[in-house]
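Trainee: I would like to learn how to read a structure. Can we go through it feature by feature?

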Amino acid sequence: MSLFDYFFVFLTLLLGCLADCPAGSLRGSTSTNCYKVVGSPTSFLEAQSICLSHNGNLTSINSAYENLFLASNLAELFPTSPNIWTGGNRIIVPGNWTWMDNRPFSYTNWNKGQPSSVSGNDCLTLNLPAGTWSAQSCSLTLPFICEVPSTSDQALTSAPCTAPTVPPHPTYSCESGWHYFEYTNQCYNISNAGNWQTARLYCMQVGGQLASIHNAAENGFIIDIIPNLDGDTWIGLNKLEGSWEWIDNTPVGYTDWAYKEPSGDGSCALINNVNGYDRLHWNDYDCNGIRNFVCKKSAMVSYGK
Ligand SMILES: [Ca+2]
């Protein structure tokens, strides 16, 4: 190789090291914004679920600059789609707009007459190419954009520009308020209270899913962290076209239905916690019921010496 070739290789490595955004994502309006187009048009909830699987969220929009950046770039990416999903919604906190990534909902750019007060229009679309916002039905099938962490965020924990070393002792932990279960390496949190869909959305907003349960040990662990006299608890099991499915797409094997359950009086599952009613086993129930719920997410990992 010539000196120039060496220089070129060095430059490529350097730029690779300094690149802000993961492969396949669009560098945003600041060094910490990265956007990724994944999946095909779908509902708001499914779109958020797909973004989570890419380690991100449906995008928030936090400044006029970011709004303009997204509107102009996305109009080129989606020339035939006048609307795309963002992470704005008023489902998590009924009546109040929030972003799925929990950033403050301070900047707004509502279209004239928006947000619509029509019941059920609870999810925020970015209108292309104008960049104005509308409140629309969350069940519409629309393209979407995920916001994913920059590699510099990831570098804080993984140091990608130094030689890889074998991590000697991984230790797992959970945020405050979450309970660590060593057999699954997952964190669990009991929250109150919402209907099943709200519970599902809340769990996604905090980076997890409404919990799936795969064996008696995991079931027992969750039961142990439910406050004693605190009512029933939604889990991530629901009935789709007649068959019970976990919302995190893990296979349904183990179940722990209460006596004479599932009785067919609802399409969502909870852990009974009512004294005298086959307590601490599962029951199918009306998804609109307001109950506590259990979220589950991966534990944080760090490497000691
Ligand atoms: Ca039932």
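Trainee: Which residues touch the most other members of the largest nonpolar core?

Mentor: A nonpolar core is a set of buried Ala, Val, Leu, Ile, Met, Phe, Trp, Tyr and Cys residues joined through C-beta atoms within 7 Å. Buried means that 20 or more other C-beta atoms lie within 10 Å of a residue's own, with C-beta atoms placed from the backbone. Here the largest core has 59 residues, and Ile 84, Trp 85, Phe 144, Leu 210, Ala 211, Trp 234 and Ile 235 touch the most other members. Domain 1 (21-148) and domain 2 (169-303) each give this core at least three residues; the bounds come from an automatic or database domain assignment. This is a predicted model: local features need pLDDT of at least 70, side-chain atom pairs count only at pLDDT 80 or more, and totals for chains, interfaces and linings use all residues. Residues are numbered from 1 along each chain as its sequence is written.

Trainee: What is the strand order of the open sheet?

Mentor: Strands are DSSP runs of E, at least two residues, numbered from the N terminus. Two strands pair if DSSP finds at least two bridges between them. The four strands run E5-E4-E6-E7, with antiparallel pairing. E5 (96-99) and E7 (132-136) are at the edges with a single partner strand each, so one side of each has no neighbour in the sheet.

Trainee: How many bridges join E4 and E6?

Mentor: Four bridges link E4 (residues 83-93) to E6 (residues 123-127). Trp 85 has Thr 125 as its bridge partner in E6.

Note on methods: Buried ≥ 20, exposed ≤ 12 C-beta atoms within 10 Å, placed from the backbone.
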